[in-house]
Amino acid sequence: MRVYPEQLTQQLAKGLRQTYLLFGNEPLLKQECQLQIRQAAQQHGFDERHAFTIDAQLDWNQVLDCTQAMSLFSARQIIELEVPETGLNANQTKALQEVIATLHDDILLLMHGPRLNKKQEGTKWFKALLALGLYVPCNTPDARHLPRFIQARCQQLGLKPDHESVQMLAQWHEGNLLALAQSLQKLVLLYPDGALTVVRLEDALSRHNHYTPFQLVDAILAGQSKRSQRVLRQLEGEGVEAVILLRTLQRELTQLYKMQEMGSKGTPLNLIFEQFRVWQSRRDLYTGALHRLPLKTLIRLLRQLAMLEVRVKTDFDTQPWPALAALCAEMCGITTHTQGPSPTM
């Protein structure tokens with residue numbers, strides 16, 4: 001059964017499951033869910049906890065020893081297994097399945113790790129564990145869902161933000177839920193009445209948003225020019241190297257160019273997406289970008305990016321950020337003063 005982090009408390013109140021699967025890219029949510037599960041398990045007599053990291057050095061016999069410690073005086077045990085970023089190889093999968101076969105009522109298995117894709121969710125070990133318990137995806141809410149997430153958090157804490165305050169909290173803390181949690185705790189202490197306004201937020205908090213190059217790419221693919229500029233300014237302020245962003249944008253532009261080439265030869269869009277392994281949830285982004293950026297435009301942008309990269313690598317005094325901002329704007333469909341005539345085909 002799949003439930004979301006905000007539903008976990010309600011599920012734990014109904015009773016414990018034998019297994020819990022916490023996978024996602026948001027450390028704060030995984031930490032909070034782990035704590036809730038441990039506390040609920042302790043109330044049911046699970047007094048021992050054994051934590052293992054699945055890597056080449058793990059002795060699986062130690063894990064099996066925990067599951068087989070069945071005596072009149074042995075305590076109920078929580079076994080925690082951390083899955084590496086690289087996932088599980090064939091040997092680790094086989095060993096895990098042996099552990100699954102030995103589970104019993106005095107063992108609670110808690111697995112946690114990075115975000116899973118559809119293929120990983122379809123593996124035998126995952127399905128076997130899901131049949132015994134709960135899967136809790138712990139992923140960072142995207143910009144569209146973050147305000148609703150913040151509203152729910154505020155309600156839990158007795159805070160009553162107005163609409164503008166929710167939007168400001170979302171903008172200031174996007175990509176950094178740990179800072180958001182700390183800010184909300186601070187607001188609880190500062191304002192016992194719970195009322196949150198923009199003025200109160202500005203008095204109490206500073207910006208804590210933390211962006212990644214991938215969020216910049218998503219904003220550009222979606223054609224969100226204002227958001228892409230905000231993300232770019234934040235990345236510059238965090239000291240991200242311009243070369244890293246140039247390489248990231250080059251990869252996306254090159255992929256869009258190849259997609260357009262295939263489309264010009266009559267390849268259906270769904271086959272193009274399958275070849276480039278574009279997830280279903282991201283296909284609308286790429287569809288919009290392909291409609292907005294024809295082949296001629298992509299060729300010009302690739303040339304523009306190549307010239308900027310040469311300047312960055314050969315002239316150490318150059319300031320690439322204005323040109324990078326213009327490039328991002330043009331990828332969003334905004335004409336800038338740097339845009340020259342389209343190259344002839």
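Student: Why does Asp106 count as partly exposed?

Tutor: Let's set the value against the cut-offs. Buried means under 20% relative accessible area, exposed means over 50%, and partly exposed is in between, using a 1.4 Å probe and protein chains only. Asp106 has 35% relative accessibility, so Asp106 counts as partly exposed. Before we go on, this is a predicted model, where local features need pLDDT of at least 70, side-chain atom pairs count only at pLDDT 80 or more, and totals for chains, interfaces and linings use all residues. Residues are numbered from 1 along each chain as its sequence is written, and side-chain values use heavy atoms, with hydrogens and water left out.

Student: How many salt bridges does the structure hold?

Tutor: There are eleven. One of them joins the side chains of Glu80 and Arg38, at 2.8 Å from N to O. Glu80 belongs to strand β3 (residues 76-82) and Arg38 to helix α2 (residues 27-43), 42 residues apart.

Student: Why is Glu80 called buried?

Tutor: Glu80 has a relative accessible area of 2%, so Glu80 is buried.

Student: What makes helix α11 largely enclosed by the rest of the structure?

Tutor: Seven of the nine residues of helix α11 (residues 213-221) are buried, so the helix is largely enclosed. Among the buried ones are Pro213, Leu216 and Ile220. The buried residues of α11 pack against α12 (225-237), α13 (242-264), α15 (283-292) and α17 (321-331).

Student: Why is Asp218 called partly exposed?

Tutor: The relative accessible area of Asp218 is 26%, so Asp218 is partly exposed. Asp218 also forms a salt bridge with Arg282, with the closest N and O atoms 2.8 Å apart. Asp218 lies in helix α11 and Arg282 in the loop between α14 (269-275) and α15, so the pair ties together parts that are 64 residues apart in sequence.

Terms used:
Helix = DSSP H or I, 4+ residues; strand = E, 2+ residues; numbered from the N terminus. Contact = heavy atoms within 4.5 Å. Salt bridge = Lys/Arg side-chain N within 4 Å of Asp/Glu carboxyl O.
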